[in-house]
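Hello,

Here is the structure I promised to pass on.

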Amino acid sequence: MTGFHLTISLMTPGHFRQAWRLPHVDPLAYLDIDHFQRLARIAEDATIDAVFLGDGPALRGEIAEAPGTGLDPAVLLGTLAAVTENLGIVATASTTYNSPYNLARRFQALDHVTKGRAAVNIVTTGTPAAAANFGLPAHPDKESRYRRASEFLEVATRLWDSWQPDWLIADKQSGRYADAAKIESIDHVGEFFSVAGPLPVAPGPQGRPVIVQAGGSEGGLRLAGQYADVVFTVAQTQDKATAFRDEIRRRATAEGRHPDDVKVSLGVVVLVGATADEAARRADELYATLPIDRLTAELVANLGLPPGSFGPDDPISIGDLPDAIPGTAFSTGFSVSTRALIAQSPRTPRQLVQSGAGGSGHRLVVGSPEQIADDLQSWYEAGTADGFTIMPADTSVDFENFATLVVPILQERGLFHRKYPARTLRERFGLPFPQSPATHAPCSPAGTRIGRSTVTIGPSAGRSASRR
């Protein structure tokens with residue numbers, strides 16, 4: 001049986017954002033590097049492929065009730081890479097509030113210092129408050145944000161590819177280090193960006209960092225087909241998840257790519273108890289932390305229903321919903337997922353908030369380790385995804401419970417590897433290299449093995465590189 005990849009979220013205190021209210025939870029853990037280093041080591045011991053951290057460039061109003069995202073993902077995850085050897089890192093960055101040159105350089109550096117374990121999670125940012133932090137009079141509309149994101153990734157990928165594989169000379173006799181003709185400017189001029197390039201650093205062990213992307217709108221689907229290596233998604237039903245994966249593969253094919261070159265990672269919130277009864281008890285404790293009136297009102301609005309039209313315990317049927325997802329909905333993917341659940345049977349806003357892990361919109365799975373493993377296996381075998389992004393309900397408990405109780409069951413069933421199967425994150429996800437990995441390996445003095453290559457520097461120009 002072919003196995004799947006696993007990424008695990010570091011979101012603290014958890015994907016139930018009010019989990020900090022529970023007696024055992026440290027309300028300041030989301031700022032504690034010792035906490036995150038402990039989680040990283042647990043993940044690596046379980047051979048988890050990568051850890052992931054979401055982010056947004058603005059403080060949201062929910063800080064009155066729960067911690068924000070906290071530390072800058074690139075800084076935090078770079079630190080975690082330094083205390084691990086194999087664990088991949090997936091750091092979130094906004095194409096709306098970054099420049100492609102700085103982002104490309106930052107993640108190229110991360111790919112080098114992690115020896116091929118870096119990935120960037122591309123988002124367009126849905127929080128209007130971010131605009132004022134960057135001197136903009138208003139937050140760009142969704143269509144503009146995705147148009148900018150497409151050009152942003154065009155520039156970033158061209159910058160990552162701006163060094164040709166045979167750029168290095170390193171002739172100590174003549175003093176010639178590099179063939180400057182093999183390091184090319186990109187001279188991009190477009191609607192949003194004007195970038196000369198090239199980057200000041202050669203490609204890292206992966207050629208490019210892995211590109212992760214999420215978005216269920218037309219702009220998001222188009223971007224995924226063009227540039228994504230991994231697409232992070234949400235689904236409450238197997239039918240919707242399978243249809244989404246098929247659509248991503250179709251989009252990739254339409255862009256001239258092989259459909260297997262884009263992997264789908266399905267977000268799942270997990271609450272793991274030693275037994276089913278313990279898991280149910282803990283679920284009730286987490287439900288009790290939710291600001292249910294606010295969350296249900298927000299859910300009703302995101303479904304396009306009039307304010308106050310449905311209370312927390314009023315059933316919503318599919319006939320109550322507008323024909324189209326409203327343009328004001330925070331996330332098209334979450335809206336599609338929630339509508340699919342209502343289509344199965346009427347649900348109250350309270351039930352939808354609870355099944356969506358306190359308003360995250362991602363499917364919540366509550367149970368014993370065997371039940372969690374059974375669920376993931378069922379969804380994988382149904383063709384819903386190439387792997388999963390595990391989102392602990394209460395990170396202080398469910399992160400370790402998943403790694404130490406669920407992963408061994410998945411390994412026993414042949415669904416997940418017992419040892420890291422490859423050095424780079426790109427290889428572990430089964431993704432192609434932009435160019436031969438050997439040609440992208442960084443170079444050093446004669447005979448030193450770096451990354452995936454052995455580089456020999458002779459007395460004359462040139463180099464030889466042999467694959468291991």
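Helix 3 passes helix 5 in a right-handed crossing. This is a predicted model. Helix 3 covers residues 100-113, and helix 5 covers residues 142-160. Their axes lie 9 Å apart, at an angle of about 45 degrees.

Next, helix 1 (residues 33-45) and helix 13 (residues 395-412). Their axes come within 9 Å and cross at roughly 20 degrees. Angles under 35 degrees count as roughly parallel, so helix 1 and helix 13 are roughly parallel to each other. Helix 1 passes helix 13 in a left-handed crossing. H35, R38, L39, I42 and A43 of helix 1 meet T395, F399, E400 and A403 of helix 13. That contact of helix 1 with helix 13 holds five nonpolar, two polar and two charged residues.

Last, helix 9 (residues 292-302). Its buried residues are I292, L295, T296, L299 and V300. They span an arc of only 135 degrees around the axis, so they sit on the same side of helix 9. Helix 11 (349-355) is included in what covers them. Just after helix 9, G304 has a positive phi of about 85 degrees.

Best wishes

Technical notes
Residues numbered from 1 in each chain as written. Predicted model: local features only at pLDDT ≥ 70, side-chain atom pairs only at ≥ 80, totals over all residues. Heavy atoms only, no water. Axes fitted to C-alpha atoms, helices over the stretch in contact; angles between N-to-C directions. Helix = DSSP H or I, 4+ residues; strand = E, 2+ residues; numbered from the N terminus. Left-handed = near helix turned anticlockwise from the far one by under 90°. Buried < 20%, exposed > 50% of the residue type's maximum accessible area, 1.4 Å probe, protein only. Arc of directions from axis to C-beta. Contact = heavy atoms within 4.5 Å. Parallel < 35°, antiparallel > 145°, perpendicular 65-115°, else oblique. Nonpolar A, V, L, I, M, F, W, Y, C, P; charged D, E, K, R; others polar.
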